[in-house]
Amino acid sequence: MARFQEAGGKVSWTGLLVLVHFSYLLVGATIFQILEREAESNNRNHFQLEKLNFLANYTCLDGPALEKFVQVILDAWEKGVNPSGNSTNPSNWDFSSSFFFAGTVVTTIGYGNLSPSTVSGQVFCVFYALCGIPLNLVFLNQLGKCLTIHLGRLERGMLSLVPHKQSVEVLAVGLFVASGSLLFLVIPPLLFSYVEDWSYGEGFYYAFITLSTIGFGDYVVGTDPDKHYITVYRSLAGVWIIFALAWLALVLSIGAKLMESAIVLTRPGLRGPPGAAEDGSSGKLEEELGQRA
């Protein structure tokens with residue numbers, strides 16, 4: 001196991017990561033509970049009050065009949081049918097929507113607002129995902145390599161202008177992150193907010209939740225039955241997801257490396273993390289420990 005050495009003791013790098021990771025989860029759970037629990041309770045009470053008012057206004061209905069109707073609505077929603085509107089609503093399984101769904105399967109986003117309802121569709125989805133998820137990972141990895149090559153070319157081009165390697169690396173990464181953010185995280189929410197009548201904040205929230213593959217499903221493009229979308233709208237959204245995922249994966253990889261470097265720099269008494277064997281530091285540590293034993 002990779003270890004740090006500090007003040008004569010041993011600190012497990014893996015143990016430190018486990019501690020930080022679960023602490024982060026505990027903090028997140030606490031904050032989400034504080035922010036959302038009261039709102040959930042208010043929404044539940046409001047819904048129950050609306051049901052009582054509905055029964056009071058329509059005395060021909062009783063409680064069990066209303067509950068049965070609510071269950072019908074829930075079943076329709078779970079099967080991807082929007083209960084509002086009528087049977088002329090756009091299909092969730094036209095080619096553009098099916099292409100978008102296929103993209104959410106192989107990228108593991110899984111919004112949850114739409115899923116196969118037939119046994120044959122469910123069986124195909126399982127095997128499609130088994131083959132498609134590894135294929136998508138290979139594809140994203142290759143895209144990431146291409147982006148890395150372009151990033152290297154940008155660095156070499158800047159080195160000819162500014163002969164300071166570290167400064168050029170910082171500038172190149174900054175330009176890469178800034179241009180990608182503009183292309184994948186700033187402009188798309190503007191389009192989504194215009195087409196879907198969302199606020200810019202809602203559009204940005206949808207973009208980030210999608211590209212991080214969290215995919216709550218509370219916001220999904222192309223699902224409003226009152227709107228007439230262009231035929232390829234959801235297909236274009238699927239293409240945006242694929243290429244933006246490759247960019248975001250590379251950015252997160254760079255961020256993880258920066259975090260590891262920051263930990264080592266802020267704790268000079270610590271020997272490097274698991275990757276430090278490349279510069280020979282971990283080998284020296286093992287040699288020293290062997291001599292002391």
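A: Of the 293 residues of the protein, 27% count as buried, where buried means under 20% relative accessible area, exposed over 50% and partly exposed in between, with a 1.4 Å probe and protein chains only. The model is predicted, so local features need pLDDT of at least 70 and side-chain atom pairs count only at pLDDT 80 or more, while totals for chains, interfaces and linings use all residues. Residues are numbered from 1 along each chain as its sequence is written, and side-chain values use heavy atoms, with hydrogens and water left out.

The protein has 8 helices and 2 strands, taken as DSSP runs numbered from the N terminus (helices H or I, at least four residues; strands E, at least two). Their order from the N terminus is β-β-α-α-α-α-α-α-α-α.

Two packed helices are described by the angle between their axes and the distance between the axes. Here axes are lines fitted to C-alpha atoms, for helices over the stretch in contact, and angles run from 0 to 180 degrees between N-to-C directions.

Helix H4 (residues 119-159) and helix H7 (residues 233-266) cross at roughly 65°, and their axes come within 9 Å. H4 is therefore roughly perpendicular to H7; angles under 35 degrees count as roughly parallel, over 145 as roughly antiparallel, 65 to 115 as roughly perpendicular and the rest as oblique. The crossing of H4 and H7 is right-handed, meaning that the near helix is turned clockwise from the far one by less than a right angle. Contact means heavy atoms within 4.5 Å. On the H4 side the contact includes Phe 139, Leu 143 and Leu 147, and on the H7 side Phe 243, Trp 247 and Ile 254 are among the residues. By class, this contact of H4 with H7 has 12 nonpolar, 3 polar and no charged residues. Ala, Val, Leu, Ile, Met, Phe, Trp, Tyr, Cys and Pro count as nonpolar, Asp, Glu, Lys and Arg as charged, and the others, Gly among them, as polar.

Helix H5 (residues 165-196) packs on helix H6 (residues 200-211) at about 125°, with axes 8 Å apart. H5 and H6 are therefore oblique to each other, and H5 passes H6 in a right-handed crossing. Residues of H5 including Phe 184, Pro 189 and Phe 192 meet residues of H6, among them Tyr 200, Phe 204 and Leu 211. The contact of H5 with H6 divides into 12 nonpolar, 2 polar and no charged residues.
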